[in-house]
Amino acid sequence: MKAGSKSRRLFETMHKLKQLNLPEKLNAMPKSEFFTLGTILKCPHNPVEREMRVCDIANELKISTPAVSRNLKNLEEKGYIKRVTNEDDRRNTNVIVTQKGKDAFYHDMETMSNFMERTLNHLEDDETDAFIFLLNKLHNGMQEEILKMAKQEIPQKKCTEKDTIHDA
């Protein structure tokens with residue numbers, strides 16, 4: 001099997017998984033909001049109060065500060081977080097998860113965990129272990145290639161008509 005064929009099959013499978021839109025199907029919050037709340041709740045900077053600055057959330061999630069701000073706006077409108085002035089530096093604002101936010105996060109965590117347990121029951125234990133191992137290996141390989149591209153500025157292949165994925 002040609003390498004291009006393998007990568008195409010992988011992209012198609014990843015696309016199918018994304019199309020499932022699990023948070024919507026499971027009536028859960030969008031994953032960007034879920035991971036934002038989770039990051040604040042496991043706050044390494046201030047484990048007692050679980051307060052985080054917006055820039056620290058962005059650094060932990062490896063996304064831009066404006067993207068975090070959009071998530072926080074949505075979470076604040078839902079009553080899941082509140083913003084407080086940083087006592088040490090009044091120019092900064094800290095973010096705290098409210099009880100309503102904690103309840104929503106842990107509810108969605110349980111919903112997703114239960115769904116994944118039921119889904120993984122379709123695999124044998126050794127298949128599940130191999131699947132997780134291979135996903136981690138693929139993730140590490142992708143990270144490695146991204147680093148190589150950043151260092152060497154590997155030119156990106158231009159998309160041609162034959163590279164386009166068509167639905168059957």
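# Notebook: helices, burial and a pocket

I started by counting elements and found 7 helices and 3 strands in the protein. Helices here are DSSP runs of H or I with at least four residues, strands are runs of E with at least two, and both are numbered from the N terminus. I noted that this is a predicted model, where local features need pLDDT of at least 70 and side-chain atom pairs count only at pLDDT 80 or more, while totals for chains, interfaces and linings use all residues. Residues are numbered from 1 along each chain as its sequence is written, and side-chain values use heavy atoms, with hydrogens and water left out.

**Overall layout.** I read the order from the N terminus as α-α-α-β-α-α-β-β-α-α. Next I looked up burial (buried is under 20% relative accessible area, exposed over 50%, partly exposed in between, with a 1.4 Å probe and protein chains only). Of the 168 residues in the protein, 22% are buried. The exposed surface comes to about 13,100 Å², with 55% of it supplied by carbon and sulfur atoms; these areas come from the Shrake-Rupley method with a 1.4 Å probe.

**Helix α3.** I picked this helix, residues 31–41, and saw that it is mostly covered, with 8 of its 11 residues buried. Among the buried ones are Phe34, Leu37, Gly38 and Ile40. What do the buried residues of α3 pack against? I found β1 (52–53), α4 (54–61), α5 (65–77), β2 (81–85), β3 (93–97) and α6 (99–120). Contact means heavy atoms within 4.5 Å.

**Helix α4.** Here I listed Val54, Asp56, Ile57 and Ala58 as the buried residues. They pack against α3, β1, α5 and β3. Just after α4, I spotted lysine 62 with a positive phi of about 60°.

**The largest pocket.** I looked up its space and got about 1,600 Å³. A pocket is an open set of points on a 1 Å grid over the protein atoms alone, with a 1.4 Å probe fitting and protein on both sides within 12 Å along at least five of seven lines; lining residues have an atom within 4 Å of a point. Of the 31 lining residues, Leu17, Lys18, Leu22, Lys31 and Met116 are the closest to the centre. Which helix gives the largest share of the lining? It is α6, with 8 residues. By class I counted 21 nonpolar, 7 polar and 3 charged residues in the lining. Nonpolar covers Ala, Val, Leu, Ile, Met, Phe, Trp, Tyr, Cys and Pro, charged covers Asp, Glu, Lys and Arg, and the others, Gly among them, are polar.

How values were computed. Points joined across faces, edges and corners; volume = space filled by probe spheres on them.
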